[in-house]
Amino acid sequence: MINICKLPPLCAKFGRELNGRTDGIEQILEDYAALDRIAVALASREQNNVALTGPAGCGKTTTVRKLAALIEEGRYTRLVGRRVVELNIDLISQDRKKRDLRFKHILDEAEYHNMIIYVDEAHRLSENDGPSNLLNTLKPYITSGGISMLISTTSEEFQKYIARDRAMERRFQSVELKEPDHKRLVRILDRVARVRYPNTVVTKEAIEKTAELAALCSPLRSEPARSLELLHYEISAAQINLPMGQYAERITAEDVVAAAEQKMPQIKGL
């Protein structure tokens, strides 16, 4: 059941609720094993905070969105009624003089309303060295067990910025997300194509070619982000000269190759 109540004022001003109505690809996420581990951790009496780690683009934020949707649907009885709020660190940090106190008031509000707070790129909580950083403001809430936090960052950044404080590290249960294997990646691409582009048929060969060429187009990104990026680009390329309201009827492997070469001319002929 969707919670239609408004968020408390500070959470609404400096964050957004993640739920079943949030746009995104979370409805096709299939890693229920990871979702179940996260839910169990959040519902525990001790160490009820979760650090999602993994390479950039592997689906950490998407996983949190899917979790919020499943909580709304009632999959996890102990979490029913809990709301997941993603905080915007840029907004919180706009006024450096007020930042730490503002963050404290947000956490007080979240604790009172039993919110689950989510922070992406959590290494940014430790941007300033010394006592004046958001991580130090967060620490007493974490160590007292008064709030449930979900954070996501890369494994390297977690070790460098969060785990260096042993008291903080002990309060987080770490869940590492890995890139999907080829079979699951193809399944994700196919389902995203069907959900996002219902008027366009993306052939099986086109899906396979997308997964193949994406690594050449975005070698520094991880899956499924880089293949999804190419998928959206190739469909946009096929529709660029169509009037609004008209859609490409079919995307073939040849269309994928042409779009990839347009996106990254250096791969032409490979």
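In this predicted model, helix α9, which covers residues 182–196, packs against helix α11, which covers residues 225–239. The two axes lie 10 Å apart and form an angle of about 35 degrees. The crossing of α9 and α11 is right-handed. On the side of α9, the contact is made by L185, L189, V192, A193 and R196; α11 contributes S227, L228, L231 and H232. By residue class, the contact of α9 with α11 comprises six nonpolar, two polar and one charged.

R196 also belongs to the lining of the second largest pocket. This pocket holds about 200 Å³ of space. Its lining includes R196, Y197, P198, N199 and T200, together with Q239 and the residues L242, P243, M244, G245, Q246 and Y247. The lining of the second largest pocket consists of six nonpolar residues, five polar residues and one charged residue.

The table sets out the residue classes of the two groups.

The chain as a whole has 12 helices and eight strands. Its C-alpha trace spans about 55 × 40 × 35 Å along the principal axes. What radius of gyration does the chain have, and what would a compact globule have? The chain has 270 residues, and a compact globule with that number would have a radius of gyration near 18 Å. The chain has 21 Å, which agrees with the value for a compact globule.

Methods:
Residues are numbered from 1 along each chain as its sequence is written. This is a predicted model: local features need pLDDT of at least 70, side-chain atom pairs count only at pLDDT 80 or more; totals for chains, interfaces and linings use all residues. Side-chain values use heavy atoms; hydrogens and water are left out. On a 1 Å grid over the protein atoms alone, a cavity is a set of points where a 1.4 Å probe fits but cannot get out, and a pocket is an open set with protein on both sides within 12 Å along at least five of seven lines; lining residues have an atom within 4 Å of a point. Grid points are joined across faces, edges and corners, and a volume is the space filled by probe spheres set on the points. Ala, Val, Leu, Ile, Met, Phe, Trp, Tyr, Cys and Pro count as nonpolar, Asp, Glu, Lys and Arg as charged, and the others, Gly among them, as polar. Axes are lines fitted to C-alpha atoms, for helices over the stretch in contact, and angles run from 0 to 180 degrees between N-to-C directions. Helices (H or I, at least four residues) and strands (E, at least two) are DSSP runs, numbered from the N terminus. A crossing is left-handed if the near helix is turned anticlockwise from the far one by less than a right angle, and right-handed if clockwise. Contact means heavy atoms within 4.5 Å. The radius of gyration is taken over C-alpha atoms; the globule rule is 2.2 Å times the number of residues to the power 0.38.
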